[in-house]
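Student: I have the sequence and the model open, and I'd like to talk through a few details with you. Shall we begin?

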Amino acid sequence: MVFHETGRDGSGIFLGNVLVCQTTGTCRCLSEVVVSRGVGVAFTATFLRTSLKPLRSRPEHHLVWRANIITLPASGSAMSSPKDTVAFIGLGVMGYPMARNLRAGLGSDKTLLICDVNTDALERFMAEVSVLGRGPVRIVQNGFEAAKQADTVITMLPNSSSVLAVYLDASTGILPALPEPLDHNACGSKLLMECGTIESSTILTVSRSIPENWATFVDAPVSGGPMGAQNKSLTFMVGCPPPLSASVFPLVKSFLRHMGDPDGIFLCGDVGAGTAFKIINNYLSAITSLAASEALNIGVKAGLDPRLLTQVINASGGQCWVTSKSNPVPGVQDNVPSTRGYEGGFRIELCAKVLGMGSKLARDVGARTVLDEPTLNAFSEAMEDERYKGKDARVVFKWLNDQ
């Protein structure tokens, strides 16, 4: 098949293995693209130019490019309705497997839109789902496009500045894309969910900026880390406006169950409550990561068998998630970060960040704390050493053991 594309530097011809979805009008090319300069033709398809890399020159001023994946809807092609479209923004370490599991769980009649600033992540995702063939997937450029085309928008963003930009930016944000309802007494038809671990003040800022009769915004942060995102065992803590929870929470669960444990989706209260639950959980998890590492390091330094020590702890009062699910001592448990050089887990920098968020929440509500400051100091000291920087937070065991 052959398609033409007109861009800033001419036109292009899709050559080779081009697949076209007749339902969505999406075209995919998994081989080569020949770009010919200076030939003016009408748009019939577009591609993600940043995904193309020069391969070699050809005669007649043709440039040959190798593309891992090319996918965007053809101009004028049929689009799925917003109610049959879900958008997912943020394909990071957590978001990528979450979006993949979401696509696998949605019916083939549903379209998934994806958005990320990392074009490599978009390419990888499109290549992966094109092989699996579980339903249409399209790329959108920003939150505005996502909210225009989808009635459900799920975001998994890394920090407050990203959340504020994706939701509230005057030109590219979700908020300006929301339609003003004809009936101002009715609830808006769009559902917006932020699943990252974000400061409570940011979540409340976004919530207050979106009129309830324009859209429903919920916070639904996750627990379970990259492993939970991969194997679809995440826990979700949901904050939802109480007057709407009876109708909205079942709808929220219908999407989150594709990405996590259906029995691990909790309605925690009003918007912001999910984030508070998550921060408190991470506060405890961070402190127990250090405490468990200290205890196990004492045993190792004393010449005790860490595997047997772990069994005893897990059958006794010292048992915690760290000792039972993500043991910090290499070789004690299979398929945990400590057995992989502390790679692929919850990075120590993020662990320190959410512990700091817990400390701030405690100050905001007037709750006295004792253990957060020494734990933060320990994480800070470990992160200064290149051997531990960027590793799973349980690397504090190795930091202790190496001393």
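Predicted model: local features only at pLDDT ≥ 70, side-chain atom pairs only at ≥ 80, totals over all residues.

Student: Which residue forms an aromatic pair with Phe125?
Tutor: The structure holds 2 aromatic pairs. In the one with Phe125, the centres are 5.4 Å apart and the planes stand at 80°, which is edge-to-face; the partner is Tyr96. The pair links distant parts of the chain, 29 residues apart, with Phe125 in helix α2 and Tyr96 in helix α1. Tyr96 is itself buried, at 6%, so the name you want is Tyr96.

Student: Which residue lies over the face of Tyr96?
Tutor: Good one to look at on screen. At 4.5 Å from the ring centre of Tyr96 you will find Arg124.

Student: Why is helix α1 described as largely enclosed by the rest of the structure?
Tutor: Look at how its residues are covered: among the buried ones are Gly95, Met98 and Leu102. Helix α1 spans residues 95–105, and it is largely enclosed because the number of buried residues is 9 of the 11.

Student: What is the handedness of the crossover from β9 through α1 to β10?
Tutor: Start with the strands: β9 and β10 pair in the parallel sense over 5 bridges. Within that pairing, the partner of Phe88 is Ile114. The chain crosses from β9 through α1 to β10, and this β-α-β crossover is right-handed.

Note on methods
Residues numbered from 1 in each chain as written. Heavy atoms only, no water. Buried < 20%, exposed > 50% of the residue type's maximum accessible area, 1.4 Å probe, protein only. Helix = DSSP H or I, 4+ residues; strand = E, 2+ residues; numbered from the N terminus. Pairing = 2+ DSSP bridges. Right-handed = clockwise from strand over helix to strand, strands pointing away. Phe/Tyr/Trp six-rings, centres within 6.5 Å; stacked < 30°, edge-to-face > 60°. Lys NZ or Arg CZ within 6 Å of the ring centre and 35° of its normal.
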